[in-house]
Amino acid sequence: MSNENMTAPNPETEAENDDDAVSPTPGSGAVDAGDLETATASSRTVIESRDLDVYYGETQALDDVSIRIPEKQVTAMIGPSGCGKSTFLRCINRMNDLIDAARIEGDLLFQDKNVYDDDVDPVALRRRIGMVFQQPNPFPKSIYDNVAYGLRLQNKTENLDEKVEQALKGAALWDEVKDQLDESGLDLSGGQQQRLCIARAIAVDPEVILMDEPASALDPVATSQIEDLIDELAEDYTVVIVTHNMQQAARISDKTAVFLTGGELVEFDDTQKIFENPEHQRVEDYITGKFG
Amino acid sequence: MSEEPARPAFAGENRTRSAKESAIKWFLFVCAALSVFVTLAIVATLLFDAIEFFTRVSPLAFFTGTNWSPKIGEAFGVLPLVTNTLAVTALSALVAIPVGTASAAYLSEYASDQVRSVLKPALEVLAGIPTVVYGLFALVYVTPALQAVGIPVGTFNLLSASIMVGVMIIPMVSSLSEDAMSAVPDSLRQGAYGLGATKFEVTTTVVVPAAVSGIFSSFILALSRAIGETMIVVVAAGMSPQLVPSPFGSIQPMTSAMVQLATSDLAGGTAAYYALFAIGLTLFVITFSMNVASNWVASRYREEYE
């Protein structure tokens with residue numbers, strides 16, 4: 001494990017994290033919307049955005065988004081197409097850097113450090129924040145090499161076999177592939193490929209896993225396997241998931257953020273509250289299918 | 001006008017039209033078949049005249065002889081020509097493969113749209129230069145430049161000819177390899193970036209391995225082009241075949257030996273005349289097998305991404 005890891009997802013450090021929750025992020029009182037403060041006191045904030053604006057050229061994709069994402073919970077981002085939820089996700093690990101036209105204003109804090117500060121290395125950041133994409137995208141390499149890819153990048157190659165096995169077990173894929181580790185990851189089914197991508201992401205032991213509609217390209221059985229897996233992942237990792245599927249958000253998430261057209265974060269609260277008794281009429285209209 | 005009831009408009013005169021359609025179809029087929037026919041005719045000519053040659057000179061003497069002196073002494077050992085061709089090919093590969101692959105990686109992975117819009121056409125211009133100009137350039141500029149930096153090359157030499165053959169095939173390597181790299185789905189790059197890979201790591205550990213079939217087949221195609229290259233070696237490499245060629249001295253690859261034979265006052269029906277076709281057939285077999293190998297590599301290592 002890298003010595004720069006501030007919070008390793010294991011039981012020993014969990015106690016420390018809880019202590020931290022007593023002293024929340026400095027300056028967090030400045031966050032305006034009252035309902036953003038309702039995050040359960042038992043969980044500390046891992047990711048926080050303050051007045052975050054994102055532009056693609058002239059188009060504004062995110063408008064003044066302030067949110068605090070709690071540790072080791074599943075936070076879902078829902079909203080209609082083009083509402084900016086994926087854009088927000090890609091701000092967290094600075095994947096938007098890869099788009100020339102993207103411009104970011106405001107603060108985005110990960111472990112209390114603004115990831116857009118000049119001294120932040122996006123490569124190092126991404127090693128601590130894993131990502132799973134909409135289309136399963138295993139590399140055209142063997143199953144083993146797919147999982148080992150991130151570990152090899154970071155030269156964490158001692159006990160590689162063991163780490164690969166742990167990651168595949170963590171992604172609920174080990175039993176299905178343990179006899180074919182040398183075969184191409186592309187030979188797996190769509191659902192298996194997506195779990196391989198999850199194994200690849202957790203192999204490097206990140207603190208956060210970002211998921212961009214991870215089940216939207218999968219059939220219902222594979223989707224349900226991924227959902228079960230997300231539930232388990234939240235025991236060790238902070239999971240932020242973008243989804244089009246409101247039932248999925250309701251099933252798997254602890255917190256839900258509703259983005260509506262124009263890149264505006266309209267409401268962020270406990271998932272149950274959002275789905276049963278939202279504060280905003282627009283959110284209720286969206287949830288009940290009157291809009292969107 | 002006839003008394004018959006008017007026929008529906010779509011049931012009208014179709015016989016002339018269908019005759020015209022089928023004439024067009026046949027004309028197009030003949031055009032398409034022409035190139036196949038010409039290819040077969042060339043192969044047949046090569047084959048028959050090469051067989052004629054082998055009735056005068058034994059294949060063993062041809063393929064294992066170490067002395068090429070067709071006019072004086074009637075020595076028809078093709079080996080020196082083959083080793084000289086291989087020497088040109090290998091040295092030009094040393095230039096073209098690294099430079100071509102690096103340009104492809106740059107164009108596909110690093111260059112901004114603006115830079116690419118300048119560099120790509122420039123590389124295509126390189127591919128459009130007549131090869132005799134490359135040969136002249138090798139003779140008039142590269143050789144003196146090599147001499148100026150203290151490399152003891154002769155006026156005609158293997159090294160400068162090979163360098164220019166290498167430069168000539170860079171666009172083949174770079175453009176085919178770039179196509180292969182650009183065809184790698186962006187989702188793979190995103191996946192690697194998401195795991196904290198640098199741009200260089202993304203390029204070397206994901207893009208290049210995923211594009212390896214296209215990259216290798218570009219190498220093979222470029223090398224088979226180098227094997228068949230004629231004008232550069234005729235102008236700049238000299239006319240003295242060496243079984244063990246020195247990079248600094250004069251040599252003579254197969255193509256150049258054919259030019260020398262064909263442009264000399266050659267009596268038809270002599271062994272020297274038929275030797276032209278024997279070398280030609282040998283060259284053809286080499287480049288043809290390389291093209292087949294290229295296709296095989298491309299299909300064998302192709303990854304299906306979707």
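Residues are numbered from 1 along each chain as its sequence is written, while chains are lettered from A and ligands numbered from 1 in the order in which they are written. Because the model is predicted, local features need pLDDT of at least 70 and side-chain atom pairs count only at pLDDT 80 or more, whereas totals for chains, interfaces and linings use all residues.

**View 1. Overall build of chain B.** Chain B has twelve helices and two strands; helices (H or I, at least four residues) and strands (E, at least two) are DSSP runs, numbered from the N terminus. Along the sequence the elements follow the pattern α-α-β-β-α-α-α-α-α-α-α-α-α-α. The radius of gyration of chain B is 26 Å, well over the 19 Å that the globule rule gives for 306 residues, so the chain is more spread out than a compact globule. This radius is taken over C-alpha atoms, and the globule rule is 2.2 Å times the number of residues to the power 0.38. The C-alpha trace spans about 90 × 65 × 35 Å along its principal axes. Of the 306 residues in chain B, 40% are buried; a residue is buried if 20 or more other C-beta atoms lie within 10 Å of its own, exposed if 12 or fewer, and partly exposed in between, with C-beta atoms placed from the backbone.

**View 2. Packing of α9(B) against α12(B).** The axes of helix α9 (residues 212-228) and helix α12 (residues 271-300) of chain B come within 8 Å and cross at roughly 170 degrees. Axes are lines fitted to C-alpha atoms, for helices over the stretch in contact, and angles run from 0 to 180 degrees between N-to-C directions. The crossing angle therefore makes α9(B) roughly antiparallel to α12(B); angles under 35 degrees count as roughly parallel, over 145 as roughly antiparallel, 65 to 115 as roughly perpendicular and the rest as oblique. Contributors from α9(B) include B:Phe216, B:Ile220 and B:Leu223, and those from α12(B) include B:Leu283, B:Ile286 and B:Met290. Two residues are in contact if their C-beta atoms, placed from the backbone, lie within 7 Å. By class, this contact has eleven nonpolar, eight polar and no charged residues. Ala, Val, Leu, Ile, Met, Phe, Trp, Tyr, Cys and Pro count as nonpolar, Asp, Glu, Lys and Arg as charged, and the others, Gly among them, as polar.

**View 3. Packing of α11(B) against α12(B).** Helix α11 (residues 254-263) of chain B packs on α12(B) at an angle of about 155 degrees, with the axes 10 Å apart. The two helices are therefore roughly antiparallel to each other. Their crossing is left-handed; a crossing is left-handed if the near helix is turned anticlockwise from the far one by less than a right angle, and right-handed if clockwise. Among the residues in contact are B:Met254, B:Met258 and B:Leu261 of α11(B), and B:Leu276, B:Ile279 and B:Leu283 of α12(B). The contact divides into ten nonpolar, three polar and no charged residues.

**View 4. The pair α7(B) and α8(B).** Helix α7 (residues 186-194) and helix α8 (residues 199-210) of chain B have axes that come within 10 Å and cross at roughly 150 degrees. This crossing is right-handed. B:Leu188, B:Arg189, B:Ala192 and B:Tyr193 of α7(B) meet B:Glu201, B:Val202, B:Val206, B:Val207 and B:Ala210 of α8(B). Seven nonpolar, no polar and two charged residues make up the contact.

**View 5. Surroundings of B:Tyr301.** B:Tyr301 lies in the segment after α12 of chain B. This tyrosine is partly exposed, with 16 other C-beta atoms within 10 Å. Not counting residues up to four places away in sequence, B:Tyr301 touches B:Val212 and B:Ser213.

**View 6. The side of chain A that touches chain B.** In this interface, 21 residues of chain A are in contact with 15 residues of chain B. The elements of chain A giving two or more residues to this side are α3 (122-128), β6 (129-132), α4 (143-153) and α7 (190-203). Of these, α3(A) gives the most, with four residues. By class, the side of chain A that touches chain B has 13 nonpolar, five polar and three charged residues.

**View 7. Two positive phi values in chain A.** Most residues other than glycine have a negative phi. A:Asp112, in the loop between β4 (102-110) and β5 (113-114) of chain A, has a positive phi near 70 degrees. A:Ala172, in the loop between α5 (160-170) and α6 (174-177) of chain A, has a positive phi near 55 degrees. A:Asp112 is partly exposed, with 16 other C-beta atoms within 10 Å, and A:Ala172 is partly exposed, with 18.
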